[in-house]
Amino acid sequence: MKIYTKTGDKGKTGLIGGRTDKDNIRVEAYGTIDELNSFIGKAVTELDPAIFADILEDLETIQHELFDCGGDLANVSNRRVYKMTDEPIEAMEKRIDVLVEEGPVLERFILPGGTPAAATLHIARTITRRAERQVVTLTKAEEEVPAVVQRYLNRLSDYLFAAARAVNARLNVSDVEYVRSAKVFKNVGSVKKEEE
Amino acid sequence: MKIYTKTGDKGKTGLIGGRTDKDNIRVEAYGTIDELNSFIGKAVTELDPAIFADILEDLETIQHELFDCGGDLANVSNRRVYKMTDEPIEAMEKRIDVLVEEGPVLERFILPGGTPAAATLHIARTITRRAERQVVTLTKAEEEVPAVVQRYLNRLSDYLFAAARAVNARLNVSDVEYVRSAKVFKNVGSVKKEEE
Amino acid sequence: MKIYTKTGDKGKTGLIGGRTDKDNIRVEAYGTIDELNSFIGKAVTELDPAIFADILEDLETIQHELFDCGGDLANVSNRRVYKMTDEPIEAMEKRIDVLVEEGPVLERFILPGGTPAAATLHIARTITRRAERQVVTLTKAEEEVPAVVQRYLNRLSDYLFAAARAVNARLNVSDVEYVRSAKVFKNVGSVKKEEE
Ligand code: B12
Ligand code: B12
Ligand code: B12
Ligand SMILES: C[C@H]1O[C@@H](n2cnc3c(N)ncnc32)[C@H](O)[C@@H]1O
Ligand SMILES: C[C@H]1O[C@@H](n2cnc3c(N)ncnc32)[C@H](O)[C@@H]1O
Ligand SMILES: C[C@H]1O[C@@H](n2cnc3c(N)ncnc32)[C@H](O)[C@@H]1O
Ligand SMILES: [Mg+2]
Ligand SMILES: [Mg+2]
Ligand SMILES: [Mg+2]
């Protein structure tokens, strides 16, 4: 079979239910989600299944969800049904809460890195945030944008932060703190809220 | 020798035959080609020459061609001669047709990843597409932009997809399908040629 | 503890001393510095401490300095004190001068890649340049932007180039030259200083 169609050689391309310039912010946004998805695919290849079965399961779920997100962003057809819902966000929050407890108490920023997989997860975290910024721009510019995608990306970047820390913690690699600022993390939403 | 000249410390920089702001879309476009080139350099380090001699040869050729593309984009001089032609595109199409047959029939999107080199090739694929989007913007904004560069990038992203699949296939790693959409790939050019 | 606060779910976020849209160019700029920092964290995991102690020390210093830069860019408060100064730039210049001498004389562009760590350093180099472009845009748009950050990023991209070459040289991997252009590197600062 032939995968290249040459139809996009002049700078226009297809959406689901439309056609637009390739440098349209909508295409930019799902293009970045594709980039993000690829970095998650990379992190998957760096995680030992014997130690990280849970995180690997999360990441494969996330890869599918990112296709849901990308498809929803690409979809401007009249009879569209969006695939994303708030459910995966809630599931991800539960996982964040678990993973974050694996590392030592977090008070200061940490240098992104440590082990190879953690470094890649940090990279994916920052690309998630780039995708989020582009969805914000898209949402300001156009109407057919499901708000749940933006929430999903916001939470995903926190998941990836928590996962990177957990990976280092399980491999006994300490995160290096950035010490040239005051303490920045507050214990949001737990018991001792008043003390912070 | 000294490699830093400090001449760009205030945000202006040199083109071939001109001078401009560093955040000019032209500089952005060849800057992204440089980023892409670096990811291809990364993929090269992850491929075993005993198994992937052909793909390694392709990738080194592509690295040189990306310099041709970048130089052409940087070139606004009056007496300029562009380096890129359609020939490398045709050569790449032949390679895509070969590589795509190595994997199983393609019907649905696949999760980017699998083996380390395939994951990096998917990353490079998405950065190629970012570069393509920027060249589209540049072409709309300015006159001296060789159209062949845009075609080259469009085809390169398909080459990188085909190469990523072939890498996984040779290493007996199956690509995971994204199953939550209908079949998306059509056998272009074999039966129904009219839609091209 | 909970790391996610959900406060940014609607596209607005906090600066140091302010609040803004997430797709603001200021947020974009320090977001890219965060991305860059993550790639440097990745390179760190690929360098053998027995061979690259000096470069590893540089890179950890740089990771802290990138937080200084990011924090300064995020800081729009009235009583702000910037953390970045010209001192780290001068220190980096000394290191560039040392590292650049480790490789063979540089006359032509080289293909980014070689060894895994060098490839990652080249990637980081190109992302540094993306960050630099965004700081240029930010500086044109707003007033509270420390000019030293832009200089720092400009020099950092040269440092990363020099480091990538030194890594390959120490591992006896020759950089492949791009031969389809004339010689591009001049020995700046040794003989003819006037052109700076
Ligand atoms: C900027 C910022 C970032 C930047 C980091 C900045 C940088 N340096 O590059 C980036 C984008 C990288 C970032 C990332 C993240 N962040 Co953040 N970040 C912030 C933010 C806006 C400010 C933090 C900060 O630096 N404060 C200033 C610090 C504490 O002050 P300071 O350095 O000590 O300096 C002050 C004084 O000391 C004085 N000063 C400085 N130097 C000197 C020198 C002298 C001599 C003197 C006298 C004074 C002086 O001036 C300064 C300003 O007043 C806060 C929100 C907020 N508004 O507080 C969130 C915040 C801390 N981040 C948060 C989160 C969740 C993250 C991420 C996990 C997000 C993600 N998923 O990726 C990551 C973690 C990154 C990591 N590696 O650890 C959350 C934490 C939530 C919680 N549970 O507590 C916050 C609270 C935002 C929020 N509401 O959600 N972040
Ligand atoms: C969006 C898109 C992408 C997105 C993927 C979207 C995502 N999910 O993130 C991205 C940018 C990642 C992408 C990448 C690629 N793509 Co693409 N892509 C498309 C596009 C525009 C739409 C595909 C799609 O999702 N269709 C909708 C699917 C089939 O429908 P659906 O999910 O089943 O949902 C519909 C219904 O089922 C219903 N529905 C959904 N849910 C529900 C639920 C209920 C209850 C009900 C009742 C209904 C319902 O509503 C939906 C809309 O009608 C097509 C072109 C086109 N216009 O078709 C190209 C296309 C498929 N892509 C193509 C190519 C080549 C690629 C790439 C190889 C490009 C590259 N070099 O990188 C990669 C491959 C990526 C991979 N990993 O496999 C080519 C394939 C060419 C061929 N030979 O067939 C196409 C045809 C474009 C073209 N003309 O060149 N792509
Ligand atoms: C474009 C450019 C880049 C591009 C590369 C272009 C590409 N191909 O993708 C990118 C962005 C990648 C780049 C990166 C870097 N660059 Co640069 N780059 C330049 C620039 C602007 C032009 C270089 C160039 O290609 N010149 C044209 C060449 C020499 O001509 P040519 O290819 O032979 O073609 C001409 C003729 O031959 C004719 N021609 C072409 N084909 C044909 C065919 C026929 C038949 C005929 C008759 C004629 C003909 O037409 C052409 C135009 O006149 C110069 C500054 C300048 N204005 O010179 C800096 C410059 C060379 N770069 C520099 C630096 C420092 C770098 C980096 C190290 C920066 C960094 N930290 O990342 C990297 C190194 C990258 C690497 N991998 O080696 C410095 C070098 C400083 C020094 N000490 O000498 C320079 C001088 C800029 C500066 N003042 O600081 N760079
Ligand atoms: C942790 C800090 O990161 C910044 N922030 C919030 N969302 C993003 C994003 N998508 N990209 C970059 N920076 C972001 C805000 O300043 C926040 O307070
Ligand atoms: C496969 C699908 O990817 C989208 N598409 C086409 N070109 C690009 C690009 N440069 N960047 C991101 N997305 C692109 C179109 O929607 C196409 O149909
Ligand atoms: C080496 C060449 O790279 C280009 N250049 C200078 N600064 C940047 C940057 N931040 N991003 C991309 N390209 C840049 C200029 O054209 C310079 O001459
Ligand atoms: Mg957030
Ligand atoms: Mg295409
Ligand atoms: Mg420079």
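**Exercise 1. Size the interface of chain A and chain C.**

Task: state the area buried between chain A and chain C and what carbon and sulfur atoms give.

Solution. The area buried between chain A and chain C is about 3500 Å², and carbon and sulfur atoms give 53% of it. Buried area is the accessible area (1.4 Å probe) that two parts lose on being put together, summed over both. In chain A, Pro112(A), Arg133(A) and Arg180(A) lose the most area to chain C. Together they account for 18% of what that side buries.

Next, count residues. Chain A has 47 residues in contact (heavy atoms within 4.5 Å) with 33 residues of chain C.

A note on the model: it is predicted, so local features need pLDDT of at least 70, side-chain atom pairs count only at pLDDT 80 or more, and totals for chains, interfaces and linings use all residues. Residues are numbered from 1 along each chain as its sequence is written, chains are lettered from A and ligands numbered from 1 in the order in which they are written, and side-chain values use heavy atoms, with hydrogens and water left out.

**Exercise 2. Find the polar links and their source.**

Task: how many salt bridges does the rule find across the interface of chain A and chain C?

Solution. The rule finds 11 salt bridges there. A salt bridge is a side-chain nitrogen of Lys or Arg within 4 Å of a carboxyl oxygen of Asp or Glu. Asp23(C) and Lys140(A) form a salt bridge through their side chains, at 2.9 Å from N to O.

Now take polar contacts. These are pairs of N or O atoms within 3.5 Å; within protein, one must be able to donate a hydrogen and the other to accept it, and residues adjacent in sequence count only if both atoms are side-chain atoms. Across this interface, 20 residue pairs are in polar contact, both at pLDDT 80 or more.

Then look at the elements of chain A. Helices (H or I, at least four residues) and strands (E, at least two) are DSSP runs, numbered from the N terminus.

**Exercise 3. Describe the site of ligand 4.**

Task: which chains does ligand 4 lie between, and which residues surround it?

Solution. Ligand 4 lies between chains A and C. Chain A brings Arg129(A), Glu132(A) and Arg133(A). Chain C brings Thr13(C), Gly14(C), Lys22(C), Val27(C) and Tyr30(C). Each has a heavy atom within 4 Å of the ligand.

Check the distances:
- A polar side-chain atom of Arg129(A) is 2.7 Å from an oxygen atom of ligand 4.
- For Glu132(A), a polar side-chain atom is 2.5 Å from a nitrogen atom of the ligand.
- In Tyr30(C), a side-chain N or O atom is 2.6 Å from an oxygen atom of the ligand.

The protein covers 76% of the 410 Å² of accessible area that ligand 4 has on its own. Such areas come from the Shrake-Rupley method with a 1.4 Å probe; for residues, only the protein chains shown count as cover. Helix 4 of chain A gives the largest share of the shell, 3 residues.

**Exercise 4. Turn to ligand 6.**

Task: where does ligand 6 lie?

Solution. Ligand 6 lies between chains B and C. Among its surrounding residues are Tyr30(B) and Arg133(C). A backbone N or O atom of Gly14(B) is 2.5 Å from an oxygen atom of ligand 6. Glu132(C) places a side-chain N or O atom 2.5 Å from a nitrogen atom of ligand 6. The protein covers 76% of the 400 Å² of accessible area that ligand 6 has on its own.
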